[in-house]
Amino acid sequence: MSRTPRDRTDLTGKRPGKIGRAGKDAPAVEPLNIVHGALPSREVILRFIADHPQKASKRELAKAFGLKGDSRVELKHLLQELEQEGMLQKSRKSLIRPGALPPVTVLDITTRDKDGDLIGRPAEWPEDQGVAPAVAIRQQSPAGRQGKGKAPVAGLGDRILAKIFPAVDRGGPAYTARIIKVIDRRRGAAMGVFRTAPGGGGRLLPIERRGEEMVIDPDFTGGAADGDLVEIEVARLGRFGLPRAKVLSVVGSVGSEKAISMIAIHAHGIPHVFPPAVMAEAEAAKPATMSHREDWRDVPLITIDPADAKDHDDAVYAELDPSPDNPGGVIVTVAIADVSWYVRPNSPLDREALKRGNSVYFPDRVVPMLPERISNDLCSLKEGLDRPALAVRMSFSSEGRKIGHTFHRIMMKSAAKLSYQQAQAAIDGNADDKTGPMLEPILKPLWRAYAVMKRGRDRRQPLELDMPERKILLKPDGTVDRVFVPPRLDAHKLIEEMMIQANVAAAETLEKKRQVLVYRIHDGPTLAKQEVLREFLATLGISLAKGGNVRANSFNGILAKAEGTAHQTMVNEMVLRSQSQAIYSPENIGHFGLNLMKYAHFTSPIRRYADLIVHRALVGSLGFGEGGITPDEEAALDDIAAEISTFERRAMAAERETIDRLIAHHLSTRVGEEFAGRVSGVTKSGLFIALPDYGADGFIPISTLGSDYFIYDEAHQALSGERTGLGYRLGDSVTVKLAEAIPLAGALRFEMLSEGREMPTAVRSFHKAGRRDKGQVRKKPGTRPPRGRR
C-alpha cells in the first residue's frame, strides 16, 4: 500500500501554537452573577465557558442567559469577535478557551494518584504546549448514570472517550472526566528500552523527549534482554527518586533500524495486528454482486497512482460533453472502490477500522486500516478485473464551473494501471507500449478536462503553499539511503483536482438529501494568529490587510510577493503556522484552505474511515441497496468525528517521530561533523535548525550561541545579541556542528558555527534604546532549552 498525494492543501500537519493554562493553584474566583435576558459581557462569557464546557455552544449559551430575538444575534456576533481575537476556538459543536480540553476528548489512563484514583491525559497533545493536562477519571456505579444501563469501566493503560468537566477542587487535576466508552483496553502505561543493571534488574530508557528513566526491580523484568523495547506498568510513584516499573511485555529488540517504526506504533497505541474475528470475516468475503449496480465495465476508467502502490481506490475517465447546451464543456467520471459493500456497520471489520481510523504510512511499512484481503484485493480497482465502485459523473463548463453531477453504484473494470511518471511521460511525448494506444482515447481527454477544471481552480484560488514534501528511501537493511523531494507533476495535480471535486459533489448531494454526514472542515486563522503574521510580514515590507474576512487568496498574494526572493521559504512557513488544523465534524463551517463551502472526504475509503462513513451515507440516502448508514451511526457521528480526528493526529505524530528517529540513527555516527542548515524556528529558548539534505531538524540551546545576551523578537522571528546587534533569523542559512544524536528519541542537538548577521534596523534601534517592548524578551546564557520540538 502507498499513500497518494490527494488533497495536498488540506493542512493536516499544522502544529497549534503554544497557549498557556491556569495552574492548579489558581485562586478561587467569585461566582458569576448572570442577569437573565441581558447580553453578558465578554468576561462573563469567557468565565461561563471555562466553568461550563458542556454548555459552550451558541444555543446553550443563549439558553443559559435567557437571550431571545435580537439578543441572540448580538451574542452570535460577540462570540465571533472573541473567536477572531483568539479568545475562543471551535471544537466540534462547542466553543472552548484556547489551550483547554474539548468537552469530549480521547484520553489515555496513565497512572493513579495518591488515593488510587485513575488519572488520564489527552491521547494527542502538541509538544509545544508543554505537558498535557491531567484529568481525574470518575468511575461510575455499575448501574450507570441514573441507574440506566451498564456504565463503562476503565483501568490503567486503557484509552477512553470521555466527557470533560472543569475540576471543582483546585488542589488536584484541572479537569475531571466521565467515561463515555472504552476505545482500547490495556494499552500499557508507558514504553521504553530496557537496559540491564549490575546485580540484576535494570533501567527503562524513555523513547519520548519528555519521558523519564524508571527503575525495574529484578523480579519485574519480564524476561527482557538488554536493548529490548518493552511495555511497562508504573508500579510506584514516589515523591523522591526514580519511579519504579514492571515489564508487561517484550515488543522486540531495537537493535535494527527496521524496528524503529514499531516504537512509534506501540508508543502511540496504533493497532497493528488484526484480531482473528476480523481476519476471518475478511477471508470469508465474497466478490460483490450486480445487485443495485449499473454495468460500467465497458467505460475505460484507469488508475493513476505511485509506482509502488498496492491498493487502488480511485479511477478516472474524461470526455467532451456532447450536450449542445455546454459547448467546450467536459464530463469527468471518478470511480471509488465500494468499501461499504464489504465493511458493514458494527461488524468486526467495521469496529476494527474505526479503532484504527486510517492507514498509517512509515518508510518501511504500512499499518492498514483494513486487512489486505479487502484493501489490496476485493476493493482494489485492479486492472482487468471486475470491481464494485461508487462513481460520480461531473459536468463542467468550458470556464471550469461545475454545472451538475450524478452518483451511481456500479461494477467497473479498470482499463489500465499507470504510475504518475508513466502517464506524464506519455503526455510529454514519451509513451511506452502500454500508454501509446491509450494516448488519444484516454490520456489526452483527461489532460483536456484538467485544463478546463484548472480554470475553475484558478478562479477559486485555494491556498497555494509551496512546501516540498521530502521522501526517505531506505536500503534493504532498513537504514536510510537518501532523502529526496520527488517532482510534482501535472499528473499529480490532475488526480488531486478530480478527487477534490468528487469530494465536493459528495457533500453537496448529501446536504441536498438532508443526510447527516462527516464533513472535512478547516477554519480560517484567528485574528491573533493573523496579527503575529502581520507583524512578521511588516519586517519584510509585505502587508496583510486587517480584519476578520481574510480569504485564502489573501495569503496567495503574500506568497506571490515572496516568490523568488530570499524570504520565500520563510514566508511559506510563517503562513503555514498561521493556519488552523483541518478536522472532521458533523457541523459544517467550510474548508478555508481549499476555499470551499461544502467538502467531505469520499475518495479514499480503503485508508480513511471518514470516507467510508460518507460512502454509507450516499448508499443509504440514494437508495443504492445494502451497506447504507444506520440510525445508530447517525446518532454517533459526533463521537466518530472526534475519534477519527484524534486518530489522524496520532498517525501524523507517529509518522513524523519515525522519520526523526531514522534520521537520528542515520546521523548518530557523524557527531562532530559540520552540516549546512537553515534556521527553521526561533523561540525564546533557542533555534531550530533544519538540514535540507537530510530532512532532519534539531535544536541549538540559546545558552550555546555565545557570550552575548540574546533577545527574542517575535515580529522579526529573530534572536539577536543585545551588545553586538548580531543574531539569527528564521530562514537564515547557517553552518552547524552535530553535537549530540539521541536515536531512540529522534533528537539532534547542534552547535552554531556561523557568525550572526547584523539584524534589521528596527531590532538595532531596539538595542540602542534599551527598551523591552512587547514580544521582545531578554534571554541570558544558561537558559534551559525545552526538551520538545516546536
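## The hairpin of β26 and β27

In this predicted model, strands β26 and β27 form a hairpin with two residues between them, where strands (E, at least two residues) and helices (H or I, at least four residues) are DSSP runs numbered from the N terminus. Strand β26 covers residues 674-683 and pairs with β27 in the antiparallel sense over five bridges, pairing being assigned if DSSP finds at least two bridges between two strands. Within this pairing, V682 stands opposite L687 of β27.

Strand β27, which spans residues 686-691, is mostly covered, since six of its six residues are buried; here buried means under 20% relative accessible area, exposed means over 50%, and partly exposed is the range in between, with a 1.4 Å probe and protein chains only.

## The hairpin of β27 and β28

β27 also pairs with strand β28 (residues 696-701), again in the antiparallel sense, over six bridges. L691 stands opposite A696, a residue of β28. This hairpin has four residues between its strands, and G695 takes a positive phi near 65° there.

## Salt bridges across the chain

The count of salt bridges comes to 39, a salt bridge being a side-chain nitrogen of Lys or Arg within 4 Å of a carboxyl oxygen of Asp or Glu. One of them joins D217 to R244, with the closest N and O atoms 2.6 Å apart. This pair links distant parts of the chain, as D217 lies in the loop between β10 (214-216) and β11 (228-236) while R244 belongs to strand β12 (residues 244-253), 27 residues apart. D217 is partly exposed at 27% relative accessibility, and R244 is partly exposed with a relative accessible area of 27%.

A salt bridge also connects K413 with D386, where the closest N and O atoms are 3.8 Å apart. K413 counts as partly exposed at 34% relative accessibility, and D386 counts as partly exposed at 31%.

## A helix-to-loop bridge and a network

E511 forms a salt bridge with K598, the closest N and O atoms being 3.2 Å apart. Because E511 lies in helix α11 (residues 490-512) and K598 in the loop between β25 (583-585) and α15 (609-621), the pair ties together parts that are 87 residues apart in sequence. E511 is partly exposed at 28% relative accessibility, and K598 is partly exposed at 33%. Elsewhere, salt bridges that share partners join R457, R460, E464, R488, E496 and E497 into one network.

## The chain as a whole

The protein chain holds 18 helices and 35 strands, and 53% of its 790 residues count as buried. Among the contacts (heavy atoms within 4.5 Å) with a separation of 6 or more, 69% involve residues 24 or more positions apart. The accessible surface of the chain comes to about 34400 Å², of which 50% belongs to carbon and sulfur atoms; the areas come from the Shrake-Rupley method with a 1.4 Å probe, and for residues only the protein chains shown count as cover.

## Basis of the values

Residues are numbered from 1 along each chain as its sequence is written, and side-chain values use heavy atoms, with hydrogens and water left out. In this predicted model, local features need pLDDT of at least 70 and side-chain atom pairs count only at pLDDT 80 or more, whereas totals for chains, interfaces and linings use all residues.
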